[in-house]
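The report below looks at a few local features of one model, taking strands, a helix and aromatic side chains in turn.

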Amino acid sequence: EAALLKQISGTQNGKNADIETQARVLSLVRKLETSSQPSPSLLSDRNEAKILGGDWFLQYTAPSDIDNVDADEKWTVTTDEALITTSKAGLQGAVSGGGIPVDASNNVAKQTFDLETQRVTNEIKTGLGLVIVGGPFRQSPNVPLRAIVGFDTAKVGPLDISFLFDIRAKIKGSYDSGWVETTYVSDSVRIGRGNKGSLFILTRDRDAVN
């Protein structure tokens, strides 16, 4: 973990990570993922799920694979959830909550898993104010370590734009907006992979990465 956090330091949440840095990060991530895989019941067992609960701080965002760069044991997106798009977002140093992209290169985004209410909330300070996006999550019936999120709340400063999710849900027939698969988790570091092919590295300590 220490080597991984050192490698992503100074990348502004991945925005300034060049191809070589991205490749080294992916290599370190795969070592952690393959050496200590989470239990398949992480999301279904209340005691096991405690390690996910509470606040996490996003320290690095980048694609889960690099074009024209070979890597052993590549992680690939699977299309098991029919109503959720898996088109690549190619995000670096940014986050997207239910299709709402936000630059996270200058401010650390906070993600909170509330195990009691089964909701996840993402918050980040921007020039427009505090951006909050959240919604309920549930375990995927297809991939045990995958949490499907149905975003229903969105605020930008004092402006509530949650109605956008209501409109989309009426068109799609579902609030399901995306998913994140936990591929590694400890008391201090969590690694996730998203439905649009993004890699996320989060820490408990907001200041764990420079």
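Which residue in β11 is the bridge partner of V185? The bridge partner of V185 in β11 is R190.

## Basis of the model

The model is predicted, so local features are described only at pLDDT of at least 70 and side-chain atom pairs only at pLDDT 80 or more, while totals for chains, interfaces and linings use all residues. Residues are numbered from 1 along each chain as its sequence is written, and side-chain values use heavy atoms, with hydrogens and water left out.

## Strand β11 and its partners

Strands and helices are DSSP runs numbered from the N terminus (E, at least two residues, for strands; H or I, at least four, for helices), and two strands pair if DSSP finds at least two bridges between them. β10 and β11 run antiparallel and are joined by five bridges, forming a hairpin with three residues between them. Five bridges also join β11 to β12, again antiparallel, with G192 opposite F200 in β12; in this second hairpin, which has three residues between the strands, G197 takes a positive phi near 85°.

Six of the six residues of β11 are buried, so the strand is largely enclosed by the rest of the structure; buried means under 20% relative accessible area, exposed over 50% and partly exposed in between, with a 1.4 Å probe and protein chains only. V189, I191 and R193 point one way from β11, whereas R190, G192 and G194 point the other way.

## Helix α2

Helix α2 (residues 19–35) has 17 residues and reaches 24 Å from its first C-alpha to its last, close to the 24 Å expected at 1.5 Å a residue, where the expected span is 1.5 Å times one less than the number of residues. The buried residues of α2 are T21, Q22, V25, L26, V29, L32 and E33. They cover an arc of only 130° around the axis, which puts them on the same side of α2, the arc being that of the directions from the helix axis to the C-beta atoms. On the other side of α2, K31 and S35 are exposed.

## Aromatic pairs

Rings of Phe, Tyr and Trp (its six-membered ring) pair if their centres lie within 6.5 Å, and planes under 30 degrees apart count as stacked, over 60 as edge-to-face and the rest as tilted. The count by this rule is two aromatic pairs. The ring centres of F113 and F137 are 5.1 Å apart and their planes stand at 80°, so this pair is edge-to-face. F113 in strand β4 and F137 in strand β6 are 24 residues apart, and both are buried. F151 and F165 form a stacked pair, 6.1 Å centre to centre with 25° between the planes.
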